[in-house]
Amino acid sequence: MIKLTNIFVKFGEFEALKDINVHVKEGQFFTFLGPSGCGKTTTLRTITGFIEPTSGTVLMKGEDITHVPIEKRNIGIVFQSYALFPTMTVYDNIAFGLKIKKLGKAEIDSKVRDIAAKVDLSAEQLEKAVSQLSGGQQQRVAIARALVTGPAIICMDEPLSNLDAKLRVQLRNELKKMQREFGITTIYVTHDQEEALTLSDCIAVFNKGVIEQIGNPNEIYNHSKTEFVANFIGDINKLEPVLLSAAGLNLPEDQNHFIRLERIHVDRENSSGNLEGVIESQEYYGLYIKYYIRVGGQILKVIEKNDGVRIYNPGESVNVIINPADIMSYKKE
Amino acid sequence: MNKNSSFDAGTILKIFGFVLFVYLFMGFMVLPCMNTLASIFTTRDVYGYPSPWAVVKFFLAGTMPLFVWNSLKLAVALVITVNIVGISIVLLTEYFDIKGANVLRMGYMTTLIYSGVALVTGYQFLYDSNGMMTTWLSQMFPMMNKQWFSGFNAVLFTMTFACTSNHALFLRNAIRGIDYNTVEAARNLGASPFKVLFKVVMPTLLPTLFSLTVMTFITGLCAMSAPTLLGYNSINPEIVRLAGSSAADESFPQARAALLSVILASFTIILLSVLNHYERKGHYLSVSKTKAKLVKQKINNPFWNIAAHVYAYILFVIYMTPVVMIILFSFQNYPAIRSKMLNFSDWTLINYFGTQNYEYMTSRGRLRTRVGSISGVFSNSDAVGGIRLSFIMSAIAAALACVIVVLAVSYIFKHRNKTRAFITESCLLFPWLLPTILICYSYRIFFNREVWYVFGNNLYWRENVRFLIVMAYTVTKLPFALRMIKAAFYAMDDELEEAAKNLGASPVYTFLKVKLPIILPSVLAVFALNFNALFTEYDMGATFQSSYGKTYAMIIQNMTMEEGREGYNINASGRRCASTVFIMIVSGIILYLVYGVGARDLGERLEARKRWKRRWARLRGIKE
């Protein structure tokens, strides 16, 4: 559907993108994930046409669109701020692109009402100003406006970043539902790893203008290819050599070794644990409890499901079990 | 035409726009001012040799330094009085818990709709030696000097109250921006209310106060209508006098006027540079994530509480008396107005509409009749002519300033952070550095001959002067328009333009359908405020003094002078009062439209429309 080949983007001397290669398949929910300034938005803007790459090609359905103007690419965009026109009603916002295409009034009306119904906007809401809508409703207007012209793909640039935590989760689910219903290829930009994992079919993790890894959420999380990806996705413990030797693990010294929090197990009775530790402190999250355990000269973070029975208190001695198969190792840089 | 052709329609339009902009900038900003400056250096001494020192020597030997000194004295005094009154009215209405604060605030803001020449003549009417207020005060205090309202005192008194509305408007915004949590924190740490005021509140207001002080100083320095009408020898009235004088009457009047203008400009430039430097250092920014609204402070000490209330209401009376009196007198007959005593049994609309004959007895005992000598403001050809001329010229200038600035800001915004954007912006801000009087005086002198730059026309000749006035109006309003419209442009979300582009809109379509509607409220507000200021503008009208360019303010000024002259214009003062009421209504409507209706967003407008529809349906008996 969309194929980026050897894309380089330079702003003066600064190299924003270095040899980006991505292939987004038809109907896929593809996420560009990474910290601020990593190049994810630049890649998206290269696809939408706001930025022309210094070199490389952008193909859409096999056709080279690298130098095609923005308005002729047939790509819908949902902006970070939604960019809804404040002086127009919801109806006029959605109809904007259709009016430019010079469609007939009746056709515009039917298309607007049709898409509005699909994104769950009522006829009454269509007559309102965008400022009279809630954040969630505004998001739906932005999506409707982007979809109504029938784009081949839709690009979303951190559309949930301005919302509060609860609304974010709610809209995240709605977004995924809508994408499934419309079956439209979606490219999504975010810095929120939880958002990426829950929404995406495929994720590209960016760092300093390059893609560190492309894969489905499971591959990215459980089989992180680089230390950066492992660190960026989810929380992680770095295992110090002292701890490894205490645990009797003989791992290569030219590598850094990590383990995810939920892969460490804690038990009071089990004596088969390979390490002994003392609970330093705990954070109560309801669904689970996060423990900080002093083990072999370092603090390990551990997550345990809250079953209401096995709750450890600070100062308590526990057995810590690390399975060598869960350790992720990366060559030291 | 081929789109790739180097000379397509867009390029031609850009070149045309650039050439026009340079032509106007050179012709109506640079050349006239350079000519004024040059007139000092091309002055010839008694032997006919060029001698710039001749004018300087004459300047120092004569009474000229007195004008400069008087202007400085007025500016310094005005800074003190305006700050005292301005700060106190903001504290009384926004910070302290004073009973009736909303009514007080409205009273203090009356000079927003009652200003300029209308205010000066109104104060003169009430406070001069036989004015109603002075008569009343002298009855209460027999020792009082009945001539108190003249010269410096009169100018300072009038300008103090004329300037405080704007002063208070800005200061009010600053005080409303204070995070109340900081006040509570100080109180919690043991500070008394007055300690909080001086140690927490006032320091945060200092940057705004500094800006207001500089602007007030410049206002005092460049004062025109009050000194002219109330008789105070300061720089501006002297420049206007010299501009109308000739070498046959006195020594090098033009060069002296130019020198005074340059002195004024130097002061202005220095002060604005200081202000600019200070503003660049930045203001105090609230670091609060959850700012709390200021809660009014009770004055616990009964003595100070009563004193504050008394002071607040005395100020209210000072502000409101001229407004109320002028409104009442505008419905009075000429005998009541002449004697400056209200006659509650006889009211009339003659000062507004219609004409009457005036019958009077000559010294030889004959009864004479002057036909139509008593006329209302809307029946008097001079007044109507002045209103019409001012209306048209102000509307054209205000619109022109908006159009120029919108196009320029669009260009500046597109090329922001580039040298060309900086140059364009600087050109538009140029008039801000120069006193209005310098620009107008320069126009009057430079264009009062056949000038090659304007195709051999004399722009000061007959009706041409109206074009010159419109240009002066436009040029002087450019900086204000730029600051306001630029702020609106920069507040616009960049992504809106990208969204429109993505949906296939051309740049022109995007500008007309997306950007313009967003900035339109600001543009209309700028238009309305500029129109409001120009409609009764005095300084420029007085500088251009021409029978073909008699603006409304000049007509009002004439009304003060011509009353009852040999039975003509017998009710000129009444007409002036009616004119003032008319100005108040116009200004009030404009301010309501700008800050009331204009401030509503689309949602609020749709809600209002819905409410109207509901009311209309209810009126027609239709059930919802």
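The briefing below goes through the chains, their domains and some helix packing, topic by topic.

This is a predicted model, in which local features need pLDDT of at least 70 and side-chain atom pairs count only at pLDDT 80 or more, while totals for chains, interfaces and linings use all residues. Residues are numbered from 1 along each chain as its sequence is written, and chains are lettered from A and ligands numbered from 1 in the order in which they are written.

**Chain A**

- Chain A holds 10 helices and 18 strands, where helices (H or I, at least four residues) and strands (E, at least two) are DSSP runs numbered from the N terminus.
- The C-alpha trace of chain A spans about 75 × 45 × 30 Å along its principal axes.
- Of the 333 residues of chain A, 39% count as buried; a residue is buried if 20 or more other C-beta atoms lie within 10 Å of its own, exposed if 12 or fewer, and partly exposed in between, with C-beta atoms placed from the backbone.
- Among the contacts in chain A with a separation of 6 or more, 65% are between residues 24 or more positions apart, and two residues are in contact if their C-beta atoms, placed from the backbone, lie within 7 Å.

**Domains of chain A**

- Chain A is divided into domain 1 (2-232) and domain 2 (236-331), with bounds that come from an automatic or database domain assignment.
- The centres of domain 1 of chain A and domain 2 of chain A, taken over C-alpha atoms, are separated by 39 Å, and five residues from domain 1 of chain A and five residues from domain 2 of chain A form the contact.
- On the side of domain 1 of chain A that touches domain 2 of chain A, there are one nonpolar, three polar and one charged residues; Ala, Val, Leu, Ile, Met, Phe, Trp, Tyr, Cys and Pro count as nonpolar, Asp, Glu, Lys and Arg as charged, and the others, Gly among them, as polar.

**Where chain A meets chain B**

- The contact between the chains takes 21 residues from chain A and 18 residues from chain B.
- Helix 2 (residues 90-100) of chain A contributes the largest share of the side of chain A that touches chain B, namely three residues.
- That side of chain A has 10 nonpolar, eight polar and three charged residues.

**Domains of chain B**

- Chain B is divided into domain 1 (65-234 + 264-283 + 294-329), domain 2 (341-375) and domain 3 (381-568).
- The centres of domain 1 of chain B and domain 3 of chain B, taken over C-alpha atoms, are 28 Å apart, and 14 residues of domain 1 of chain B are in contact with 15 residues of domain 3 of chain B.
- On the side of domain 1 of chain B that touches domain 3 of chain B, helix 5 (116-127), helix 10 (225-230) and helix 12 (253-280) of chain B each supply at least two residues, and helix 12 of chain B gives the most, with five residues.
- By class, that side of domain 1 of chain B has nine nonpolar, five polar and no charged residues.

**Helix packing in chain B**

- Helix 20 (residues 507-535) and helix 23 (residues 572-597) of chain B pack at an angle of about 165°, with their axes 9 Å apart; axes are lines fitted to C-alpha atoms, for helices over the stretch in contact, and angles run from 0 to 180 degrees between N-to-C directions.
- Helix 20 of chain B and helix 23 of chain B are therefore roughly antiparallel to each other, given that angles under 35 degrees count as roughly parallel, over 145 as roughly antiparallel, 65 to 115 as roughly perpendicular and the rest as oblique.
- The residues in contact between helix 20 and helix 23 of chain B include B:Ala525 and B:Phe535 of helix 20 and B:Val586 and B:Val594 of helix 23, and by class the contact has nine nonpolar, two polar and no charged residues.
- The axes of helix 5 of chain B and helix 23 of chain B come within 10 Å and cross at roughly 135°, which makes helix 5 of chain B oblique to helix 23 of chain B.
- In this second pair, B:Ala118, B:Thr121, B:Gly122 and B:Phe125 of helix 5 of chain B meet residues of helix 23 of chain B that include B:Arg576 and B:Ile583, and the contact has three nonpolar, five polar and one charged residues.

**A loop of chain B**

- B:Phe455 lies in the loop between helix 17 (436-446) and helix 18 (464-490) of chain B, has a positive phi near 60°, and counts as exposed with 7 C-beta neighbours inside 10 Å.
- B:Arg462 is found in the loop between helix 17 and helix 18 of chain B, has a positive phi of about 45° although it is not a glycine, and is exposed with 11 other C-beta atoms within 10 Å.
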